[in-house]
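Here is a short briefing to read alongside the sequence and the 3D view. Keep both open as you go.

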Amino acid sequence: MYEYSNKSERKLIVRFFSSIGFIATFSMASLAFINSSYLLACTLVVSSFVYLLAFSISRGVEKSGTIILYNLYALMFYLVLTGGAQGTGPIWIFIVSPVTYSIRGLKRGTFDIILFLLAIVLGFYCADIFNIYDYSPEQFPIRIIIAFMIVASLSGYYECSREKYSNKIIALSQKNEFLATIDPLTNLPNRRYTMNKLVAFKSELKDNNTPFVILLADVDNFKKINDQFGHDFGDEALIQLAKTFDKSIPKNAIASRWGGEEFLIVIPDAIVEQGEQVAEKIHNALKASVVSLFSDSTNITLSIGVISASAERSIDLDIKRADELLYKAKAQGKNRTCSS
Ligand SMILES: Nc1nc2c(ncn2[C@@H]2O[C@H](COP(=O)(O)OP(=O)(O)OP(=O)(O)O)[C@@H](O)[C@H]2O)c(=O)[nH]1
């Protein structure tokens, strides 16, 4: 499932908010100290050091984000309860919703904001009944709460749209990434995809001695087929050939379009004899089926080169060797397999 944002992005957000939090609270602590509000100054100093702590452990993004938020909520609760500097403390609660949504995303952010709102209502209530701070005018707390709810709803709406479009962009880029690995005619993986797989199989061979087999196949006399039946028929032949591969190769094997009328099949965890058996299965399946389009039909055949990948050779040299065997099969009369 899509996460709210990736880890490095979140780390940046957490670092940004902890820096801003530290600078803001430390500056306000200095001001409170100058104004002889020592309790407020001490509270702000403690809060600023908690932001510093959150910054220093910003590698643990979740933990750091939680410290920033709950430090912010605690400070806001304190400002609401005590009035802050001359009753202006509650004004700061408006920064809570954008910060919360940026760190938590929509779902958890909304949950946290509801909890925070309840805490703030409780803060105003306690300030009144315990005579901690007397807000004036009397309607000030209710106005602040209503204004906070409006700002929180707008921030939630913004976050909802942001997540929606961000998800759309991610889905689109995943689709494009997928399309970039597929041959649109046959729907087989393309050369780029298979090359990456070959690199992975090669390192498995080198590290764990897990063998794999490569089959390089080329359609025989394809130019003649195109010339005789037309290009659309040729395309249909390639599509049907891809389906034949699908039915004939092992589940863990990959059949790919290597280019034009050439196909490369990789069979992981296999030796050359298994590759020869798969090639034989493909030859037999093609013999038993005809390619047809409208009133035209014909058999197609393949020439195939089969090799066992070598830990001492590069992938390019493996493919070159399979290509040599493929052309040996062509030279020997086509519709056959040569292997080594
Ligand atoms: N219809 C169709 N033809 C293609 C496609 N890609 C390559 N071709 C054709 O495949 C033919 C390959 O011709 P050649 O390289 O001479 O090979 P061949 O006729 O199969 O002869 P041999 O390899 O000796 O058996 C060319 O005519 C290309 O135009 C494709 O996607 N669709």
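What follows is a quick tour, from the overall build to a few local details.

This is a predicted model, in which local features need pLDDT of at least 70 and side-chain atom pairs count only at pLDDT 80 or more, while totals for chains, interfaces and linings use all residues. Residues are numbered from 1 along each chain as its sequence is written.

**Overall build**
- The protein chain holds 10 helices and 7 strands; these are DSSP runs numbered from the N terminus, with helices being H or I of at least four residues and strands E of at least two.
- Of its 340 residues, 34% count as buried. Buried means that 20 or more other C-beta atoms lie within 10 Å of the residue's own, exposed means 12 or fewer, and partly exposed is in between, with C-beta atoms placed from the backbone.
- Among contacts between residues at least 6 apart in sequence, 67% join residues at least 24 apart; a contact needs C-beta atoms, placed from the backbone, within 7 Å.

**Nonpolar cores**
- A nonpolar core is a set of buried Ala, Val, Leu, Ile, Met, Phe, Trp, Tyr and Cys residues joined through C-beta atoms within 7 Å.
- The largest one has 42 residues, and I214, L215, L216, I265, V266, I267 and I304 touch the most other members. Strand β1 (residues 212-219) gives the most to this core, with 7 residues.
- Beyond its neighbours within four places in sequence, L216 is in contact with E262, L264, I304, G305, I319, A322, D323 and L326.
- Another core, of 28 residues, lies apart from the largest one and includes Y51, I67, I68 and V99.

**Around the ligand**
- The ligand is surrounded by 17 residues, of which D220, F222, K223, G234 and G260 are the closest; a residue is near a molecule if its C-beta atom, placed from the backbone, lies within 6 Å of it.
- At least two residues of this shell come from each of β1, α7 (222-229) and α8 (231-248).
- By class, the shell has 4 nonpolar, 5 polar and 8 charged residues. Here Ala, Val, Leu, Ile, Met, Phe, Trp, Tyr, Cys and Pro count as nonpolar, Asp, Glu, Lys and Arg as charged, and the others, Gly among them, as polar.

**Helix α10**
- The 17 residues of α10 (residues 315-331) should span 24 Å at 1.5 Å a residue, and the end C-alpha atoms are 24 Å apart, which agrees; the expected span is 1.5 Å times one less than the number of residues.
- I319, A322, L325, L326 and A329 are the buried residues of α10. They cover an arc of only 120° around the axis, so they sit on the same side of α10; the arc is that of the directions from the helix axis to the C-beta atoms.
- D316 and A331 are exposed on the other side of α10.
- The cover over the buried residues includes β1, β6 (302-308) and β7 (337-339).

**Loops worth a look**
- G89 is in the loop between α3 (61-82) and α4 (96-129), and G89 is buried because 22 other C-beta atoms lie within 10 Å.
- Q86 is also in the loop between α3 and α4, but Q86 is exposed, with 8 other C-beta atoms within 10 Å. Phi of Q86 is positive, near 50°, in a residue other than glycine.
- The peptide bond from S136 to P137 is cis, with omega near 0°, and P137 is in the loop between α4 and α5 (140-179).

Methods:
Contact = placed C-beta atoms within 7 Å.
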